[in-house]
Amino acid sequence: MSKELRFFVKAWEATVRKTHIGGKKRANPLFTTMSVVPADDEPGETYHTEKVLANGDFYTGQWANSYAHGQGKYLWADGCMYVGEWQKGKTAGKGKFSWPSGATYEGDFKNGFMDGKGTYTGSFGETYRGSWVMNLRYGQGTKSFVNGDHYEGEWRRGLQDGQGRYQWKNGNHYIGQWRNGMIHGSGTMIWSNGNRYDGSWEEGLPKGNGTFRWADGSFYVGVWSKESKDQMGTYYPAGSSGGHVDWDPQEVFAVDLNDCKVCPVETISIFPSQKMLNWPGMEGEFMNKPPIYKNGSEGNVRPRRSSDARSSNFSRGSNCDSTLDGNVGLEGSFASNRFRVQPMKKQGVTISKGHKNYDLMLNLQLGIRHSVGRPAPTTSLDLKTSAFDPREKVWTKFPPEGSKYTPPHQSSDFKWKDYCPVVFRTLRKLFKVDPADYMISLCGNDALRELSSPGKSGSFFYLTNDDRYMIKTMKKAEVKVLLRMLPAYYNHVRAFENTLVTKFFGLHCVKLTGPTQKKVRFVIMGNLFCSEYGIHRRFDLKGSSLGRTTNKPAAEIDATTTLKDLDLNYIFRLQKVWFQEFCRQVDRDCDFLEQERIMDYSLLIGLHFREASCNDPLATPDRSGVRTPTGYF
């Protein structure tokens, strides 16, 4: 979701200072700017040079120390060329990059990336003028397509996202909201013949409440869906004329929208930051090579780690949280304190036969399979108030011999309760969770894993084998709180898709029969640390200094250790636009939690160091023999 974390540095630096100077109250606000002292020395005397490099590349321009600095031209042997400003061997400032295909980018560069204001012209004549962030279109921009179509509006992660206007060559145009390159949200489509649609859209098609109007004044109001069985509405003719009484709303999908296809955004074959530079003595370095370990002047300085990050395209169909990728560098003395990453290992103990909670796991899996697999009518995202009623629950008996609705099983007799099943089914739909995948993760052949010790609340935690979902046991009072805040939670996560608040997928209860009549209530949540990248460091941050350290020797800290505020010695550097977006989302989430009277919450952060993945081609060793950890978070 992208997203700068700079403000944490000030908060933690303030808390560290407080522990050393007697507990002064922090005067600076939490959200503040941050400056980091550059690791590299200033360049020496600049002079003009021409260099034919060993691999056939050619550079002419200003030179300082052992790299380009100032105005210069670099011509790669494959035909790519950059002309413009350089800073310490990287493209930085105004410049122009040309591809062999004829495509060009002219504008701002930063640290080797296309970053700032710039114009990209494709090999077939398509153009984009606007803002860039680390090679991606991000912010306000206009795009002219080869076929004559035109888009003007907001971009995120390289695609149309936010408010924008798309004009087709045939005269049709759309004004409204976009998401991930598709029409999505509220908007208006106006056809060249005068007809128009005002209402909700989902993934390029009318979905939900909307109104279709004809040029003669007649209109149709209703709930729209590509599935004719879900389409419903009322036609209102203009005046006394019969108008379009026989009109079928499905014509909008079958006919009217055929001439409203959005052109895909072309892909750039290779970004300037991915081009390798072959400076003498540093052959084979990428433009955006991460910083290396440096020996500080003071041997007793504690290492400070910093992260320069950029956003990858968010994976919207995935259950895993989106990731930011970037570089992590260490500054200070590392003669005796080199960064090490221990081998990854799975958390928890597998619940196999003979485990004290084996029957509970079977009951849980049987219940979830029944709840998710049970046939249910298609529901709109606009839920009725009654769906959130705490009394809205479904009890199901699971006798060992089976019943009309439940299969036979080898566990003991139990009852299963679903809380607000319609709401959680709709939440899974909203979070784009495929029911089949959900059941396979929770109810497949692989057993759950129980974390070795419960949390401070006394709750137990279980992980699915694929790490996608976490199951937490809850007290009755906690269930009541979640049900009370469920309407506000639903509206919040629906309104803000990049919310940092935990994703909830189901709330259930298992009631065991027998003399104890024990009830086990639990909630199913998304696991933040489910990622294609292994998580090597994880932090639980509360913005406090009291007791916020992990009392473990450094040798015992591994990828499963939960570190705390004062253990964090990284600086995260991201783009200003992500910082602003992140701060806005944190403010929204905190406002939501405050309104619901929730005060005990924290921010989880996971770090992946690329050097720990031997198969990662970008994790290249430094020439000095000291490896630079590069990472994702």
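Predicted model: local features only at pLDDT ≥ 70, side-chain atom pairs only at ≥ 80, totals over all residues.
Q: Which lysines gather with Lys415 in a patch of positive charge on the surface?
A: The patch brings together Lys415 with Lys393, Lys397, Lys476, Lys480 and Lys519. At least two residues of this positive patch come from β23 (393-398), and at least two come from α6 (476-495).

Q: How do the strands of a sheet pair, and in what order do they stand in the open sheet of 8 strands?
A: In general, the strands of a sheet are paired through backbone hydrogen bonds, and the pairing may be parallel or antiparallel. Here the open sheet of 8 strands pairs in the antiparallel sense, and its order runs β22-β25-β26-β27-β29-β28-β24-β23. The edges are held by β22 (349-350) and β23, and because each has a single partner strand, one side of each is without a neighbour in the sheet.

Q: Over how many bridges do β22 and β25 pair, and which residue stands opposite Thr350?
A: The antiparallel pairing of β22 with strand β25 (residues 449-450) extends over 2 bridges, and Thr350 stands opposite Arg449 in β25.

Q: How many helices and strands does the protein chain have, and what percentage of its residues is buried?
A: The protein chain has 7 helices and 34 strands, and buried residues make up 47% of its 633 residues.

Notes. Residues numbered from 1 in each chain as written. Heavy atoms only, no water. Helix = DSSP H or I, 4+ residues; strand = E, 2+ residues; numbered from the N terminus. Buried < 20%, exposed > 50% of the residue type's maximum accessible area, 1.4 Å probe, protein only. Patch = residues over 30% accessible without salt bridge, like charges linked within 9 Å, V, L, I, M, F, W, Y side chains within 5 Å. Areas by Shrake-Rupley, 256 points an atom, 1.4 Å probe, with all protein chains shown as cover. Salt bridge = Lys/Arg side-chain N within 4 Å of Asp/Glu carboxyl O. Lys, Arg positive; Asp, Glu negative; His and termini not counted. Charge placed at Lys NZ, Arg CZ, Asp CG, Glu CD. Pairing = 2+ DSSP bridges.
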